[in-house]
Amino acid sequence: MLRIVIVGGGAGGLELVSKLSKKLGKKGLAHITLVDRNQTHLWKPLLHEVAAGVIDKNSDGVDYRMHAARFGYHFQLGTMSNVDAENKTIYLDPLYDDAGELLLKERTINYDYLVLAVGSVSNDFGTPGVAEHSFFLDSLSQAERFHKALLNQLLRINQEKSDSAKLSIAIVGGGATGTELAAELHHVANLAKNYGMPEMSASRLKISIIEAGESILPALPERIATSARIALTKLGVDVLENTRISSARKGAFITSDDKPIEADLLVWAAGVKAPDFIQQLGVFETNRAQQILVNKHLQSTTCETIFVLGDCCGFIQDNGKWVPPRAQSAHQMADTVAANIIGIVRGNVMKDYKYVDYGSLVHLSKYSTVGSLMGSLVSSSMFIEGRLARLVYISLYNMHQFAVHGWLKAILVLLSRKVSNIVGPKLKLH
């Protein structure tokens with residue numbers, strides 16, 4: 001039986017394992033294994049909401065073991081440490097419990113086809129002090145760590161008698177994560193007064209977004225960036241553009257002209273790269289962002305039995321531009337890899353990958369949603385905002401749920417989430 005191993009259960013990886021399990025696994029045509037270092041999947045665009053505390057992983061996450069039991073694949077909890085492409089084997093690090101006790105020794109998994117969907121991590125560009133003093137939002141555990149620190153700071157400010165006492169948060173990176181987090185934090189500061197912190201409000205919050213480029217949201221059309229900047233400014237967010245950070249220390253980012261931007265919480269959300277271990281494997285060709293280079297079928301350029309998708313995939317388009325690390329890219333890549341692996345089993349010709357940009361959306365909490373529709377949705381780029389943009393934004397999350405759960409289960413999951421939002425607390429307090 002064909003052995004297919006997928007490493008990484010993010011947006012693309014989980015959608016892929018769902019598709020392959022339906023088409024191959026349940027029909028006895030393949031033995032499918034998913035490997036991930038976490039036990040729960042959460043759609044990465046929602047991590048800033050976990051960090052702010054407006055959603056709970058228990059209601060919005062997908063338990064890999066439960067999903068595997070339903071779809072008929074195998075789940076292995078672990079971190080991949082090495083790939084032996086010649087012998088078609090991956091190695092998983094030893095697994096320890098919270099007390100440091102060894103649970104599982106180093107393991108190996110053999111494959112006929114391997115799919116790497118290990119995502120991306122924040123790129124601090126080697127800036128001194130950033131790794132030691134900043135919060136990152138690359139994973140569920142990092143988002144939860146920030147949330148605990150945020151709650152502690154909210155409690156501290158709530159106890160301060162002076163109205164001049166403020167909670168200051170500095171966010172480096174004016175992309176989608178940075179701007180969306182800033183708006184969500186403003187919302188949370190106002191929510192806190194209804195959850196045991198009567199002295200807390202957004203008026204006691206000082207948020208700075210620090211962007212090295214000429215504009216926030218540099219990858220998006222200027223009109224979207226302008227609209228988002230106006231919305232953030234109305235909320236009192238200090239948007240600092242053309243501001244480079246040269247280092248970080250406890251309680252402050254230091255700009256290139258040696259000026260400190262002091263804050264109680266420092267967040268780094270500037271740029272992404274594929275995880276460092278990919279280059280350390282010495283197996284793949286990579287680009288400057290450490291992404292694995294692939295051919296037109298999304299196979300590694302060094303080994304045709306290894307497919308790559310998502311943020312760690314380096315695919316250069318006909319126009320000379322790299323496919324951007326977005327959820328829609330991972331979704332489209334998962335479709336192509338699924339079709340090609342199924343095609344291999346059935347003896348069909350593999351299909352070429354072609355990225356289609358359907359536009360971009362930025363959701364600024366309850367205050368605003370702005371974006372553009374592109375590609376086959378409209379004849380040309382169309383700017384949208386308000387309720388229409390919010391509806392499209394929600395539909396993207398819904399599409400992911402349908403791909404992961406199937407239509408019936410996804411509808412039940414979405415209904416459950418809606419009910420939870422109505423009857424449950426608006427702010428997670430632990």
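**Charges and contacts**

Modeller: Glu241 has 22% relative accessibility, so Glu241 counts as partly exposed. Bear in mind that this is a predicted model.

Biologist: Which residue forms a salt bridge with Glu241?

Modeller: The closest N and O atoms of the pair are 2.9 Å apart. A salt bridge needs these atoms within 4 Å. The partner of Glu241 is Arg229.

Biologist: How many residues apart in sequence are Arg229 and Glu241?

Modeller: Arg229 lies in helix H8 (residues 222-234). Glu241 sits in the loop between strand S15 (238-240) and strand S16 (245-249). The pair therefore ties together parts separated in sequence by 12 residues.

Biologist: Arg3 and Asp112 also form a salt bridge. How many residues apart are they?

Modeller: Their side chains meet at 3.3 Å, N to O. Arg3 is in strand S1 (residues 2-7), while Asp112 is in the loop between strand S10 (107-110) and strand S11 (113-116). The pair links distant parts of the chain, with a separation of 109 residues.

Biologist: Is Asp112 buried or exposed?

Modeller: The relative accessible area of Asp112 is 18%. The cut-off for buried is under 20%. Asp112 is therefore buried.

Biologist: Lys273 meets Asp276 in a salt bridge. What is the N to O distance?

Modeller: Lys273 is buried, with a relative accessible area of 16%. Asp276 is partly exposed, at 36%. Their N to O distance is 3.1 Å.

Biologist: How far apart in space are Ala165 and Arg204, C-alpha to C-alpha?

Modeller: The two are 39 residues apart in sequence. Ala165 touches Arg204, as well as Ile157 and Glu160. The C-alpha to C-alpha distance between Ala165 and Arg204 is 6.8 Å.

Methods: Residues are numbered from 1 along each chain as its sequence is written. This is a predicted model: local features need pLDDT of at least 70, side-chain atom pairs count only at pLDDT 80 or more; totals for chains, interfaces and linings use all residues. Side-chain values use heavy atoms; hydrogens and water are left out. Contact means heavy atoms within 4.5 Å. Helices (H or I, at least four residues) and strands (E, at least two) are DSSP runs, numbered from the N terminus. Buried means under 20% relative accessible area, exposed over 50%, partly exposed in between (1.4 Å probe, protein chains only). Lists of a residue's contacts leave out its neighbours within four places in sequence.
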